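Here are my notebook entries from a morning with this chain. Have a look at it first, and then follow along with me.

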Amino acid sequence: MRAFRQVGEKQLPNPVLCMAWSPKRDLIALANTSGELLLHRLANFQRVWSLPPSETTGWEITAIAWRPDGKILAFSLEDTKQVVLCGVEKAEILHVFPVQNSITCMHWMEVAEDSSALGSFCSSEDESKLFLPKLPTLPKSYSTSSKIFSDEKSDEMMNLLGEIRLNILVLGGNAGLLELYAYGMYKIASLTDVLGTCRSLSLSSDFKSLSVISEVKATDGSLEICSIQLDTRLLSDCLPEVTRMARKFTHIATLLQYLHLSLTCMCEAWEDILMQMDQRLTKFVQEKNTNTQVQDEFLELLLWGQSSPELQALLVNQLTVKGLKKLGQSIESSYSSIQKLVISHLQSGSEALLYHLSEVKGMSLWKQKFEPLGLDSAAIEDAITAVGSFSLKANELLQVIDKSMKNFKAFFRWLYVAMLRMCDEHVPPELNKMTQKDISFVADFLSEHFSENEELFDRKGKYFNVERVGQYLKDEDDDLVSPPNTKGNQWLKFLKESKYLKESPLLFPSYPHKSLHFVKRMMVSVIEQCLQKPAEVIGRSIHPGLCLPLYTLPENSERAPHLFDLPSQWNDKKAKMHYILFCMPEISPTKLYFLRKATDPNRHDSSSIMSIDLSHHVDGAEENNAAAQTTYSYRCLDARFYDDETLTVVLERLEEEDRSRVLAQIPLASALSCVNEFNWEPKLRLDQQTSAIPCQELVLGNQWRELENMNAQYVAVNGIRKVACVLSGNLRHIRVFEMDVEDEDEEGADSQNASADQDGLETSMASQESAEAQDEVEEEGETGAQKTEKHLESEEALDVS
């Protein structure tokens, strides 16, 4: 009697490397060999969206993990050594950060709901919203470089934080690399001394320990699979402090990205056409035959209305009246856009950054609570100073823009009239009037901007720098070509003469000869250095516990993708236990082993092990032969925890004439209540002492189904949504099942199986079509963002709290 209902089947064009069900919705994420990330829903295995590979992210996905609330999907890339956080609703890349080594596995866990210690923190978290305004959205015209903020929600990056409860993304890689990221963004701990290559991770929900399955090279050259438990008690003991620090640092990280994108938009708002005046004047100097200065020629035109033939040719033939008018409009539009971005985005982002850094400094002064976590008040003070310097540079840019707009308006107004007269065209009466004050203003502008600078020519290959805003937006280490003139500034004069204020820590240092990009890079470097210290301190506090060698890998064995390899792990939040499932086919092919370890490394009953004999006795009463009883032996191909008390397994029958595959549910009630103890000999591997491991019989009942016409090999499950996905050995054939359907439908298992078989037949026939034709059918009708939003909005109502 089979209780599972097949709801979808598909042949995929590319082999699947990773698959994982959403913890909250009927959605499954798949990563294939072409570097594509796919999201499918349960009903008919319909595709919701696909995220193609790109040069900026990468092409080789190695691992995926869902955030516990199901709103963000993380995946790692081998070729670019990056980890990407992707928003599920719109398939948007929200955050990317680099990693040192290749990532082989990842796990995302949130703290258990029993976190009453965070009550006081929740109220203080809301206070920041009272003091800080909402960050404005970046203009949609610049959405190509700022997709994160192109939506109507201005604080979409802040949604990366999710709920108040702390969640940690754990990354495991080659050469013993282990990194923990709070809220998937801020590196809260880093370890490099874990043995071997990580193959599986499980962080306990109480944050007391981290269970690692590692592949270690033994002294004889063989590869051993070992179980290592790391003591992460500092995260558990200082949970409110870690949460507060992590949220603050994550706010800071998102604000740094916000400032980066704001600066990118400012660079896009600045146009190359603004350099046209400088280029034309430089070419004019290089080609002219006279020895007179360009400044003198423009002054002669201003005072007497006369110009040399060369200057007249430059203005009339090269610059032209229309070109001058277009240049003036471009400068005004570009400067206005940059000015708005500085005021609304750079300044508001800098203020928010100063607010959060100041709060972190206050936390660091509470040494009893935060000194064990590595908060250094001196480093935070340096970060605050760097942000202050960035704010000063942004304010300096505003002053340069304001002055340049006034100068260019007056200069272009005069030059436009002069060029009209050269061309014998009509001059509008409103432009023909020019007071002595206007003449003096233009003369000062010519004197300041049109002097030929030999030093500038030697360094940049040109004489002029009339346009002075673009130099602030260049990502260069060189000094500004035309720094602001500070002569006569009474405040600077007062600071130089005051011996008390000259070195005062209360005053932010300014860098008058550096660009805005340079000061921003300096600020980011100081802040990142400040953020790294807690990760180093917490990383040193994580101590490796007992390393249990389980078994050796057979030589020359074909290796599946790491995410499909056994062992698999599970964290029982109620019992506070780590569970590890694995097989040893070389030693005992018909057994599945089950290792339990307490999440608290100090508990005396820290570990126990038992095995399940995969021999199934089938009663023949259904075939009108009550006396007949058949025993089938199986080997386990894959096993995953369905919930705390049930395993989902894919079994292969061990008979020469029958190698059929079976999807089954195995209850663990008898295994969990096993009273037989196993005395582990620490000097021996587990596969060298298997005869003493307690063994339980396989109990299936009616919770199994034969997988006909499918070379099933791997399975992914979600016990909360009661779904399973079975993948074939060629990594392309997929079947999706609803589990526990008897609890929802009382019509009987026979009718269920009949409809399931019919569904399987229809989908099997449909799966013979080409992959291209299936994709075209899926994308008919509503496509794109509208289709995605409708799918996910319909699922939102079914979220499990």
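**Entry 1**

I began with C198, which sits in strand β14; I take helices (H or I, at least four residues) and strands (E, at least two) as DSSP runs, numbered from the N terminus. This is a predicted model, so I kept to its rules: local features need pLDDT of at least 70, side-chain atom pairs count only at pLDDT 80 or more, and totals for chains, interfaces and linings use all residues. Residues are numbered from 1 along each chain as its sequence is written, and side-chain values use heavy atoms, with hydrogens and water left out.

C198 is buried, at a relative accessible area of 0%. My cut-offs are under 20% relative accessible area for buried, over 50% for exposed, and partly exposed in between (1.4 Å probe, protein chains only). I then looked up A175: it is 23 residues from C198 in sequence, and the two C-alpha atoms are 8.4 Å apart in space.

Next came I213, in strand β15. I213 is buried too, with a relative accessible area of 0%. Between I213 and T197 I noted 16 residues in sequence and 8.5 Å in space, C-alpha to C-alpha.

For a helix I picked F408, which belongs to α9 (residues 377-422). F408 is buried, with 4% relative accessible area. I331 is 77 residues away from F408 in sequence, yet their C-alpha atoms are 8.2 Å apart.

**Entry 2: positive phi in two loops**

Which value does phi of Y183 take? I read it as near 55°, a positive value in a residue other than glycine. Y183 lies in the loop between β12 (178-182) and β13 (186-191), and it is buried at 0% relative accessible area.

F207 also went on my list, with phi near 60°, again positive in a residue other than glycine. Its place is the loop between β14 (197-203) and β15 (209-217). F207 is buried, with a relative accessible area of 0%.

**Entry 3: salt bridges**

How many salt bridges does a search of the whole structure find? I got 20, where a salt bridge is a side-chain nitrogen of Lys or Arg within 4 Å of a carboxyl oxygen of Asp or Glu.

The pair I went to was R721 and D26, whose closest N and O atoms are 2.8 Å apart. This pair links distant parts of the chain, 695 residues apart: R721 is in the loop between β28 (712-718) and β29 (723-728), and D26 is in the loop between β2 (16-21) and β3 (27-32). R721 counts as buried at 14% relative accessibility, and D26 is buried at 12%.

E179 and K187 meet through their side chains in a salt bridge of 3.3 Å, N to O. Here I found E179 buried, at 2% relative accessibility, whereas K187 is partly exposed at 29%.

I also noted D687 with R685, a salt bridge of 3.1 Å, N to O. D687 and R685 are both buried. To finish, I wrote down a network of salt bridges that links R635, E652, R659 and R661.

**Entry 4: cavities**

Rolling a probe the size of a water molecule over the atoms shows where empty space is left. I counted four cavities of 30 Å³ or more. For me a cavity is a set of points, on a 1 Å grid over the protein atoms alone, where a 1.4 Å probe fits but cannot get out, and its lining residues have an atom within 4 Å of a point.

The largest cavity has a volume of about 50 Å³. Its lining has 11 residues, and I612, I666, P667, S670 and E697 lie nearest the centre. At least two lining residues come from each of β21 (607-613), β25 (661-667), α15 (669-672) and β26 (695-697). I sorted the lining into eight nonpolar, two polar and one charged.

**Entry 5: a nonpolar patch**

My last stop was the surface, where W491, F494, L506 and L507 make a nonpolar patch of about 450 Å². Such patches take residues with over 30% relative accessible area and no salt bridge, with nonpolar side chains (Val, Leu, Ile, Met, Phe, Trp, Tyr) joined within 5 Å.

Is L506 buried or exposed? L506 is exposed, with a relative accessible area of 73%, and I found it in the loop between α13 (490-497) and α14 (516-541).

Terms used. Patches are made of residues with over 30% relative accessible area and no salt bridge: like charges are joined within 9 Å, nonpolar side chains (Val, Leu, Ile, Met, Phe, Trp, Tyr) within 5 Å. Accessible areas come from the Shrake-Rupley method with a 1.4 Å probe; for residues, only the protein chains shown count as cover. On a 1 Å grid over the protein atoms alone, a cavity is a set of points where a 1.4 Å probe fits but cannot get out, and a pocket is an open set with protein on both sides within 12 Å along at least five of seven lines; lining residues have an atom within 4 Å of a point. Grid points are joined across faces, edges and corners, and a volume is the space filled by probe spheres set on the points. Ala, Val, Leu, Ile, Met, Phe, Trp, Tyr, Cys and Pro count as nonpolar, Asp, Glu, Lys and Arg as charged, and the others, Gly among them, as polar.
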